[in-house]
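Colleague: I would like to learn how to read salt bridges in a model. Could you walk me through some?

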Amino acid sequence: MDPTAPESPAPPDDFALLVAVLPPALQEAVRRLPEAELLEVVMDLGRPPEARLVGGVARLSDVAVDADALQAVLSRVGEPGGDNRAGIERTLHRVSAIRNRQGRVVGLTLRVGRAIVGTIDMLRDLVDSGKNLLLLGRPGVGKTTKLREVARVLADALGKRVMVVDTSNEIGGDGDIPHPGIGGARRMQVSRPDRQHDVMIEAVENHMPEAIVVDEIGTSAEAAAARTIAERGVQLVATAHGNTLENLVLNPTLSDLVGGVHTVTLSDEEARRRRTQKTVTERKGTPTFDIVVEMVNREEVRVHRDTGAAVDRLLAGTEVGGERRRQQGDTVLVEATPEVVEATAPGGHVPPGTPALGAPRAGPLRIAVHAVSRELLERVLRDLPVEAVVVGRPENAELVLTARSRANSPRLRRAAERGGARVLVIKRNSATEMRRALRSELNLLDGVDPEEVRAAVADAQDAIRRVLAEGQPVALAPRPSRLRRVQHTLVIRNRLEAVSLGSEPKRHLVIYPAGAGVAETSEPEPELGDEELPEDDAEAGTEAPHEEEEGSEP
């Protein structure tokens with residue numbers, strides 16, 4: 001077929017057929033509603049019937065629904081199948097049943113199905129590209145409507161051999177003859193929902209399609225079938241459960257659709273080069289779908305043109321980005337993908353505006369928790385000589401306290417990146433661990449003048465900036481051993497190296513650029529009390545506490 005040929009006209013209006021299956025008393029009430037705004041009609045036993053509209057809910061009658069009214073509707077549409085869904089012949093409308101424990105129908109949802117020409121104008125270039133396309137969005141946002149239009153455009157406008165795998169007859173309508181809304185696309189019905197993956201493979205093996213359209217990929221078997229189809233060179237367009245790309249990445253059943261994730265342990269050198277923890281979560285393989293579209297609402301979508309790169313950014317804790325598209329009348333407004341700011345490379349310049357650890361703050365320190373007890377934190381803060389408040393959201397905090405097992409959470413990393421907060425990792429959810437981590441993080445030393453601590457921190461921060469900017473060693477002023485340990489901790493957090501030189505009382509730190517190779521030969525810092533070190537580090541002497549080192553760069 002000529003791709004330039006005019007597209008087929010819009011399918012006929014079949015709204016009246018849905019109204020006709022309702023009890024006579026409700027038909028007139030539904031006809032008075034704005035047809036374009038109606039989403040579904042709800043009938044629950046013993047409750048007044050309602051109509052759900054785009055902008056709210058309208059009561060259709062003050063009389064409660066009885067069993068006879070439910071049976072009257074079922075008699076016109078037929079008994080629901082194994083998925084508790086039924087349809088109206090050659091329409092896109094869907095009737096879903098709610099059953100009690102004995103299997104008797106006690107509620108019905110009559111959803112209005114529409115075939116809307118032009119609904120994929122925002123995505124037309126993506127469909128034309130021939131790449132695999134995945135649509136995400138909450139129920140009712142219009143995924144199936146767009147999927148139906150995709151099938152028609154691929155078959156009629158682009159002249160491709162298209163096969164629709166229609167599990168619940170939502171795409172092609174009820175009955176043996178497909179609805180005109182899918183154009184010239186062929187349709188394979190699925191006898192049971194648990195056979196969808198078998199029918200997907202059968203469509204490829206038996207009918208030689210160039211494109212396959214599938215609604216609601218929701219199981220690992222269906223995800224595996226989707227990968228098989230993609231590897232055979234067939235264009236795949238589908239929807240999946242989940243609102244955003246992050247939902248899909250965190251879903252172990254469906255994460256393979258976007259490449260899958262696994263945990264790897266990096267070498268010391270690689271972790272230092274990446275400026276990250278040694279244990280990180282990475283993408284496992286190539287995504288099944290080249291492009292992911294997040295449906296914000298019916299008029300707005302966010303497009304990730306490179307699924308693999310978007311997942312990598314998500315797992316790294318940076319801004320995922322995405323191209324925002326909005327439909328205004330016949331015009332599609334496209335906002336370019338925001339620039340993604342990569343993490344500062346080892347030895348690079350400190351980003352402007354980065355707050356220095358220990359620098360004066362305006363107002364109390366804002367601390368949030370993630371996967372640890374807020375009550376414990378509040379109790380610990382009451383005993384520490386620091387002005388701090390506990391806030392509810394990581395985005396509003398300067399410091400986020402989390403457990404080691406949850407330190408790689410993409411949501412936490414994105415929130416910390418967005419708000420500029422430091423993430424402090426503790427091994428256990430206990431008051432002792434919180435107190436130890438906070439005392440080290442906030443440089444709280446018993447028996448030491450706070451002014452001396454602030455001066456030592458400022459000296460080290462100034463030297464760290466100079467080493468990062470100039471690449472040359474910088475010597476610090478002599479300090480007591482406990483203050484040198486604080487300075488050494490700051491050096492390690494910035495992925496630099498330091499050596500203690502001289503004899504007391506003139507012993508001092510010299511800071512070197514990363515990779516100078518002096519840390520391995522440096523003499524251990526003496527006179528470090530075990531009470532200030534975590535249990536695992538009581539013998540190390542010169543190393544920063546493991547949990548603070550891991551949490552310093554989320």
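Modeller: A salt bridge is a side-chain nitrogen of Lys or Arg within 4 Å of a carboxyl oxygen of Asp or Glu. Here, Asp125 and Arg305 pair up in this way, with 3.0 Å from N to O. Asp125 sits in helix H4 (residues 124–128), while Arg305 is in the loop between strand S15 (300–304) and helix H10 (307–316), so this pair links distant parts of the chain, 180 residues apart. Helices (H or I, at least four residues) and strands (E, at least two) are DSSP runs, numbered from the N terminus.

Colleague: What should I keep in mind about the source?

Modeller: This is a predicted model: local features need pLDDT of at least 70, side-chain atom pairs count only at pLDDT 80 or more, and totals for chains, interfaces and linings use all residues. Residues are numbered from 1 along each chain as its sequence is written, and side-chain values use heavy atoms, leaving out hydrogens and water.

Colleague: Is Asp125 buried, partly exposed or exposed?

Modeller: Buried means under 20% relative accessible area, exposed over 50%, and partly exposed in between (1.4 Å probe, protein chains only). Asp125, at 36%, is partly exposed, and Arg305, at 43%, is partly exposed too.

Colleague: Which residue forms a salt bridge with Arg232?

Modeller: That is Glu205, with the closest N and O atoms 3.7 Å apart. Arg232 is partly exposed at 44%, whereas Glu205 is exposed at 51%.

Colleague: Which residues do shared partners join into one network?

Modeller: Asp125, Arg305, Glu323 and Arg325. The structure holds 30 salt bridges.
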